[in-house]
Amino acid sequence: MMVEVKLEVENLTKRFGDLVAVNNVSFEVRESEFFSLLGPSGCGKTTTLRCIAGLEMPDEGKIIIKGRDVTTLPPQQRGISLVFQEFAVFPHMTVYENLAFGLRVRKFSRDEIRKKVLAIAESLHLTDQLEVKAGRLGLSEQQRIALGRSIAVEPEILLLDEPLTLVDAKIKESMRRELRRLQKELNITILYVTHDQLEAMMMSDRIAVMNAGRLLQVGAPMEIYENPQNVFVARFIGSPTINILCAKLERENGMLKLIINDVKLDVSGKFSKEVGEKYVGRSVLLGIRPEDLLILKEKESKYDVKCKVDMIELLGNRMEVHMRLGKELVRALTLIRFDIREGDEIFLRLYPEKIYIFDKETEERIV
Amino acid sequence: MSIVTKALKYICVGIFLLWILVPVAWMVCLAFKSYPEWRVAYFFPKDPTLSNFIILFEPKRIIGMMGATAIVDPVTLPLINSLIVVGISTVIAVFIGFFTAYGASRYNSPGPFSLFFTLLTRMLPPATFVTPIMVYYSNLKLLDTHLGLILLYAAVTVTYGIWILKGFIDNIPREWEEAALLEGATHSQVIFRVTLPLIKSGLVVSGLFIFLLNWAELLFALVLTNVNAVTLPVHISKYVGAVGQLYGPQAALGIISSLVPLIVGYMIQKHLVTAFTFGMVR
Amino acid sequence: MSTRPPKSVSLLANLPINILLYVTLIVPFILMIYLAFLAWNPAGGYEWWQAPIAGLNNFIRAFSDARFIAALGRTVLFTMAVVGVEFLLGLVLAYLLLGEFRGKRAALSVIIYPLMLPWVVVALIFYLFFQDYGPVNNLFLKGIIGEAATNIHWFLSPTTAFITLLIADIWQWTPFMFLILYSGLSAVSKRLIEAAQVLGASNRTIFWRIQLPLIRPLILVALVLRALEAFKVFDIAYVMTGGGPGTSTETLSLYIYRVAIEYHDISYAAALSLIILIILVAVIRVFIWYSFERR
């Protein structure tokens with residue numbers, strides 16, 4: 001099945017004075033996809049979004065929407081729609097007029113507008129408030145109005161700039177599900193910007209992780225979670241954060257071993273011959289997720305290492321155990337039924353399949 | 001935006017700028033023209049002279065031209081009077097305005113009547129209440145005095161001081177004053193040492209604004225002054241009346257009279273944005 | 001917010017302003033009410049408290065005083081014309097200057113400066129400008145209608161004299177309207193404008209349907225402020241036309257001034273003043289009630 005590409009971003013670069021906010025970013029968004037731009041504050045995701053929308057002019061690169069090069073076109077002519085973080089509903093207009101705004105601009109007939117607005121109001125639960133002035137309503141209503149009026153114009157791609165940041169924490173969950181449902185129901189292509197990795201993981205078909213203006217990795221949520229390409233992505237995705245330890249790769253008796261402080265770990269199977277040769281004698285970064293660690297009372301295999309428990313945090317039905325592997329601090333997740341106390345000496349199983357190894361300098365994933 | 005629209009925009013703005021500049025340009029050019037050139041059609045004087053300016057300052061000169069003569073007073077006295085009267089009344093208006101605004105902002109103190117009354121002083125035409133003031137001053141021997149005019153000017157412009165400064169004071173968090181009080185300061189110390197320095201730019205804005213207004217005031221001065229306390233606007237009006245055909249000196253007078261307000265106005269421009277966001281636009 | 005103020009603050013906030021107002025203004029106001037009911041001739045050698053009370057004579061006289069009615073009507077006409085034109089011009093100018101462009105700061109400085117000039121100076125400027133041999137006739141109009149231009153005597157015909165007053169006021173005060181409208185329009189949140197843009201609205205649509213409606217209260221305030229000021233018009237009438245030719249450009253303030261100062265008819269002037277004051281206060285009250293009722 002040929003999947004149609006809605007949006008192509010090619011080599012997008014945007015500078016503000018000396019600061020390169022967006023640095024050679026390229027990706028594409030497919031038809032009916034829920035695509036997220038994920039990254040910490042200041043990573044350039046909002047700037048990228050604004051370039052796609054036409055509110056900023058890129059210094060280099062191209063934006064192509066449904067096969068049309070729109071890089072030099074103003075926002076009105078791009079076939080996009082944008083929901084702002086602050087919603088920006090028109091306070092002096094009623095909910096109806098807000099929803100109808102884009103349609104009126106496009107010169108639809110009054111009846112057509114009425115039909116469309118009513119339909120959208122229905123799916124966003126705004127039907128009772130159509131005659132109320134938008135400025136008087138609360139945040140969650142305003143957010144739905146902003147969403148509704150953007151959907152009403154049936155854009156090629158719907159852009160959303162951290163729309164849930166200002167929303168109450170309690171309502172966020174339900175709004176996320178609403179949004180996803182709406183997207184599937186109306187078959188809209190969405191480009192969603194957020195700094196919340198949980199949100200992105202939960203809602204997206206694919207995620208693009210950005211940092212400091214660069215695009216680091218693009219892929220489906222599970223893909224990114226299980227195969228992070230570098231330390232940043234590994235750290236950014238997943239909660240609690242992945243453990244990153246310093247280790248040295250040595251050859252001992254013909255076998256490759258990772259040395260973390262005084263602990264030795266046999267990792268012969270992980271490396272291919274060339275990579276192994278390249279990194280022997282060098283320091284690398286070892287990554288393993290807290291949920292992938294197994295805590296044992298006694299050493300049972302060659303992958304078990306001795307640790308001392310530093311601190312225990314209780315999280316609902318799980319415990320987060322902070323322990324010391326030599327000098328390094330490691331965190332592991334385990335069920336509460338496990339009976340350990342601070343100061344205990346326990347063993348940690350480091351499954352070789354679950355270990356990620358990164359180059360110390362480039363922070364790129366080796367294995 | 002297309003090139004055509006952009007060009008149109010520039011042209012329209014340009015036309016408006018010309019419309020602003022041309023009448024003044026004419027006056028400026030007139031001021032430097034000697035007598036024969038007063039009735040000509042072109043702008044720039046072919047033979048520029050300063051004689052028009054000099055005439056303005058000469059003591060009681062009898063100007064005779066084309067058979068018409070007129071006695072005119074020199075402009076020095078009105079100029080000085082204006083500076084004194086307007087300067088002092090501005091200071092009074094700003095400070096009384098500050099005190100009142102402080103009470104109004106923190107405590108709703110002076111009450112709606114006083115505030116409404118001060119607003120009225122700006123809303124009602126001066127001509128409608130100058131008559132009794134004239135009688136009143138005549139009985140109080142305040143006619144043609146600096147004091148009389150100063151009091152009146154302060155009274156009718158204090159409302160701007162209150163209005164503008166209240167906006168500024170509203171924006172100073174009360175907590176800062178309360179902190180000073182907790183440290184043992186008296187209320188008046190708080191007002192003068194804490195709040196006052198913080199709204200310095202408000203004082204400047206209201207001061208400049210009130211200054212401009214009073215500097216331009218004609219009616220009250222016309223009615224209430226005669227010889228001693230004559231202000232500049234009165235002098236100008238006499239000049240046009242008495243010497244209707246002497247365009248050169250009139251133009252020169254116009255230029256001199258504009259210098260002070262233009263300087264003041266230039267100073268206010270820098271603070272204009274704060275002025276507009278802090279109360280006038282509200 | 002309104003706790004009881006301490007004595008010292010209360011004193012400071014109330015005493016100076018009250019002294020100033022009462023001494024300078026309130027006493028005269030009360031005096032005016034008394035004066036209006038007198039028949040007093042100041043030249044007669046007696047003081048006002050010795051003058052006989054004439055009841056409502058002055059007021060009755062006012063209602064049949066054609067010159068008074070004419071002055072009032074003329075001033076109202078002037079106010080409406082001037083405020084209307086200034087608003088429209090100010091709006092056009094504000095729209096034109098909204099975006100960024102080269103020389104904007106310089107343009108703004110130039111636009112603002114007429115506001116700084118005293119009215120008398122403005123009157124002087126246009127008095128010189130509209131002279132028979134001035135540039136309006138000799139340069140501009142000559143180009144349009146040829147030699148006939150020199151026959152237009154601006155200050156000698158009622159209509160043209162009135163027009164000179166209008167032009168002088170418009171010249172000086174359009175920048176005021178412009179400033180208020182421009183500040184208001186610029187203050188409209190950039191986000192709202194961007195939101196309209198991404199929904200497909202052109203700049204014109206944004207101006208009419210987003211920016212203007214949002215500054216409606218501001219527009220109202222500006223119009224009222226300007227109207228009140230325009231109603232007071234005195235300086236330009238006194239200096240430029242002297243009310244002439246005849247009394248055809250005599251504004252209300254000018255007439256009352258004349259009655260008091262040139263005709264020395266103090267009590268009649270006081271009566272006229274009172275009438276106008278009552279009318280104005282009534283209009284203002286109605287307006288305040290109207291604008292608060294709409295909430």
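Analyst: A:L286 stands opposite A:I357, a residue of β20(A). The strands meeting here are β14 (residues 283-288) of chain A and β20(A), which pair in the antiparallel sense over four bridges; pairing requires at least two DSSP bridges between the strands. Strands (E, at least two residues) and helices (H or I, at least four) are DSSP runs numbered from the N terminus. This is a predicted model, in which local features need pLDDT of at least 70 and side-chain atom pairs count only at pLDDT 80 or more, while totals for chains, interfaces and linings use all residues. Residues are numbered from 1 along each chain as its sequence is written, and chains are lettered from A and ligands numbered from 1 in the order written.

The pair belongs to an open, antiparallel sheet of five strands in chain A, ordered β13-β12-β11-β14-β20. At its edges are β13 (263-266) and β20 (356-359) of chain A, each of which pairs on one side only.

Elsewhere in chain A, strand β18 (residues 328-335) holds A:V330. A:V330 is buried, because 22 other C-beta atoms lie within 10 Å (20 or more is buried, 12 or fewer exposed, and in between partly exposed, with C-beta atoms placed from the backbone). Beyond its neighbours within four places in sequence, A:V330 is in contact with A:N243, A:C307, A:M323, A:L325 and A:L348 (contact is C-beta atoms, placed from the backbone, within 7 Å).

A:A119, in helix α3 (residues 110-123) of chain A, is partly exposed, since 14 other C-beta atoms lie within 10 Å. From A:A119 to A:G148, the C-alpha distance is 9.9 Å for 29 residues in sequence.

As for the chains, no contact joins chain A and chain B, and their closest C-alpha atoms lie 10 Å apart. Of the two pairs of chains that touch, B and C have the most contacts. To that contact chain C gives 77 residues and chain B gives 69. On the chain C side, helix α1 (residues 7-35) contributes the most, with 19 residues.

Chain B is assigned domain 1 (3-65) and domain 2 (76-280), bounds that come from an automatic or database assignment. Where these domains touch, 15 residues come from domain 1 of chain B and twelve from domain 2 of chain B. On the domain 1 side, α1 (3-31), α2 (51-57) and β1 (61-65) of chain B each supply at least two residues. The largest share of that side, five residues, is from α2(B).

C:L128 shows how chains B and C meet. Setting aside neighbours within four places in sequence, C:L128 is in contact with B:W26, B:M27, B:L30, B:Y247, B:Q250, B:A251 and C:G134.
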